[in-house]
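Please look through the sequence and the model below before reading on.

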Amino acid sequence: MATSLGANTYNRQNWEDADFPILCQTCLGENPYIRMTKEKYGKECKICARPFTVFRWCPGVRMRFKKTEVCQTCSKMKNVCQTCLLDLEYGLPIQVRDTGLSVKDDVPKSDVNKEYYTQNMEREIANSDGTRAVGMLGKAPSSSDMLLKLARTTPYYKRNRPHICSFWVKGECKRGEECPYRHEKPTDPDDPLADQNIKDRYYGINDPVADKLLKRASSMPRLDTPDDKSITTLYVGGLGDTITDSELRNHFYQFGEIRTITVVPRQQCAFIQFATRGAAESAAEKSFNKLIIHGRRLNVKWGRSQGSRGKEREKDGVSESGMRLEPVPGLPGALPPPPVSEEEGSANYFNLGPSSAPVVMNMGLPPPPGVSMPPPPGFGPPMFPSMDGMGPPMPPPMQMRLPGQVHYPSQDPQRMGAHAARHGGT
């Protein structure tokens, strides 16, 4: 059903006339002395196709001119800016906000249903005080942890920069510094952020910016609730030297009854045990990455079960309160290693007796000239007369050898074949 600004004046009483736009801080700009042009019934709303008052202004120096894109009725239905269509409270796309608040607001897209829905919303807006949103958004919870983490707290004025000069990209721009567009290299044309649609953003579908923010939210650190229902203890780390148990109690008592608070000054941590599991879950959800005391951001985690924690602490010699235990005298020590079998532990490769001295290789430097050194063992005159005049001299017994001398296997008299070799093979 056409309701445009042309010759057709059907349903003209619903055309919008406003005195000031609904804008976010980023679109309005940082200049407090701003000049706006106002055109009554200047264009059709890009959502409901009804004529509305168009405002146009420049948000700052070297910025592009901006104008309102949707009417104020569509802006109030979704609580968004009339220009960028981002949420006025969090500065996020509608798809991200609705996901964080678990809101599913299906605005009709056909002409007749859209006009009927818009008239009902206008009636609800007129009956409200203007401080709360209307429709499904007004019934949603006030805040969400994901939205608080993703929300932009300061204006982002780079969003108001001029577009890239297409003539400069082709090398044909002749205006130089007077060109109102940016002379920069364009982004990747295959980038999904380069393909954005204002209707998709308003309806919260197929929004590439929202998809990027939701992926970032899914990769953020989170605190998983343990499966063991008996765990009602929270670990709080990074206390420092100034935070006391009374300050921790002042923060955590709001979530439920506290059974014990154990502070370990040496490790600068504390263990807070709640009386119920629900109180512990509420405290973990409201305090994870949000607890700040004396300007210190504290680390909140779930405690471990009593069984596993007791075993680990006993193994490390640490008590339940975190104090290191002193060893008790009189207790048996560690068990000796298991004995090694003779096959594995034997290193007697030359069949030497147990009374033989260890083999030591004494590799020294040659003596200086003029200094005589005794001959090495086995090369000097025999110490005992030989039994056989024709045989080689007998080596000294094993007990009478000097310690540290070199022993060769062929000199062992007990070696197989040594007797035959000594008597010439007879």
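In this model, Q95, V96 and T99 of helix α3 meet A210, D211, L213 and L214 of helix α8, where a contact means heavy atoms within 4.5 Å. The residues of this contact divide into 4 nonpolar, 2 polar and 1 charged; here Ala, Val, Leu, Ile, Met, Phe, Trp, Tyr, Cys and Pro count as nonpolar, Asp, Glu, Lys and Arg as charged, and the others, Gly among them, as polar.

The model is a predicted one, in which local features need pLDDT of at least 70 and side-chain atom pairs count only at pLDDT 80 or more, whereas totals for chains, interfaces and linings use all residues. Residues are numbered from 1 along each chain as its sequence is written, and side-chain values use heavy atoms, with hydrogens and water left out.

Two packed helices are described by the angle between their axes and the distance between the axes. Helix α3 covers residues 94-101 and helix α8 covers residues 208-218, and the two pack at an angle of about 40° with their axes 8 Å apart. Axes are lines fitted to C-alpha atoms, for helices over the stretch in contact, and angles run from 0 to 180 degrees between N-to-C directions. The helices α3 and α8 are therefore oblique to each other, since angles under 35 degrees count as roughly parallel, over 145 as roughly antiparallel, 65 to 115 as roughly perpendicular and the rest as oblique.

The protein as a whole has 13 helices and 9 strands, which are DSSP runs numbered from the N terminus (helices are H or I with at least four residues, strands are E with at least two). Of its 426 residues, 32% are buried, and buried means under 20% relative accessible area, exposed over 50%, and partly exposed in between, with a 1.4 Å probe and protein chains only.

The unreviewed UniProt entry annotates residues 159-186 as "domain: C3H1-type", although such annotations may be inferred rather than shown by experiment. This span is 14% helix and 0% strand, and its end C-alpha atoms lie 15 Å apart.

Which backbone angle stands out in Q268? Phi is near 55° in Q268, a positive value in a residue other than glycine, and H294 also has a positive phi, of about 55°, although it is not a glycine. Most residues other than glycine have a negative phi.
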